[in-house]
Amino acid sequence: IISMVLPSGLNLLRVDKDGAPLSEKFSPLADGGLLVHGGQLMYGMFSKKTVGASGGGIVHTIFNEYGPEAAVSFFNGAQRVVNYWLLHNGFSIGIGDTIPDQDTIERIEGAVRAGKEEVEQIVASATENTLEPLPGMNIRETFESKVSRALNNAREESGSETEKSLKDLNNAIQMARSGSKGSSINISQMTAIVGQQSVE
């Protein structure tokens with residue numbers, strides 16, 4: 001449907017991963033990147049990265065090649081498509097979008113347990129005066145740095161496990177991928193664990 005609002009003859013290729021082999025760039029399994037050929041969307045998603053105020057995006061290309069009137073009509077058409085889609089389908093996010101399955105919960109608990117064990121070892125070495133200070137830090141700063149790193153690793157690991165388990169139709173994932181609101185860290189904090197907050 002979104003191809004109806006694109007000017008005919010528009011060609012645009014945006015590649016998600018520049019280092020990917022040629023076969024992945026032009027037929028990506030994950031629908032990453034973007035290909036518009038002859039004014040038709042072949043694959044990809046219109047996200048903040050491709051439609052937003054970035055150089056080489058859709059708006060930039062339409063303005064440069066077809067002029068300001070075509071850019072305005074693209075804005076109007078895209079807004080109309082979005083409005084009608086929301087009118088018929090709606091979009092909301094609820095607590096159900098942040099509940100992981102049982103396997104994921106167990107993997108999250110495993111990552112947190114490993115992080116806690118690492119912190120316990122650091123605490124034990126600090127109380128026994130066997131903790132070696134890192135370059136440019138005293139013992140207290142070294143302790144704080146090592147504990148923060150261990151807890152951050154636990155959060156990162158549990159967050160990546162969560163993101164793998166959530167489906168593409170998940171509303172929170174859709175919001176983060178499109179760039180409208182939120183990020184993968186926010187999703188992992190809602191679903192898995194908030195993590196240690198570092199206070200300066």
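This is a predicted model: local features need pLDDT of at least 70, side-chain atom pairs count only at pLDDT 80 or more; totals for chains, interfaces and linings use all residues.
Residues are numbered from 1 along each chain as its sequence is written, and side-chain values use heavy atoms, without hydrogens and water. Local features require a pLDDT of at least 70 and side-chain atom pairs count only at pLDDT 80 or more, whereas totals for chains, interfaces and linings use all residues.

Three strands form an open sheet in the order β1-β2-β3, with antiparallel pairing. Strands β1 (12-14) and β3 (40-44) stand at the edges with a single partner strand each, so one side of each has no neighbour in the sheet. From one strand to the next, the twist averages 15°. Strand β2 (residues 34-37) pairs with β3 in the antiparallel sense over 4 bridges; two strands pair if DSSP finds at least two bridges between them. Leu-35 has Tyr-43 in β3 as its bridge partner. Strands (E, at least two residues) and helices (H or I, at least four) are DSSP runs, numbered from the N terminus.

Val-82, Trp-85, Leu-86 and Phe-91 make a nonpolar surface patch of about 360 Å². Val-82 lies in helix α4 (residues 68-89) and is partly exposed, at a relative accessible area of 40%.

Asn-129, in the loop between α5 (102-127) and α6 (139-165), has a positive phi of about 60° although it is not a glycine. Asn-129 counts as exposed because its relative accessibility is 70%; buried means under 20%, exposed over 50% and partly exposed in between (1.4 Å probe, protein chains only).

Terms used:
Patches are made of residues with over 30% relative accessible area and no salt bridge: like charges are joined within 9 Å, nonpolar side chains (Val, Leu, Ile, Met, Phe, Trp, Tyr) within 5 Å. Accessible areas come from the Shrake-Rupley method with a 1.4 Å probe; for residues, only the protein chains shown count as cover. A salt bridge is a side-chain nitrogen of Lys or Arg within 4 Å of a carboxyl oxygen of Asp or Glu. Axes are lines fitted to C-alpha atoms, for helices over the stretch in contact, and angles run from 0 to 180 degrees between N-to-C directions.
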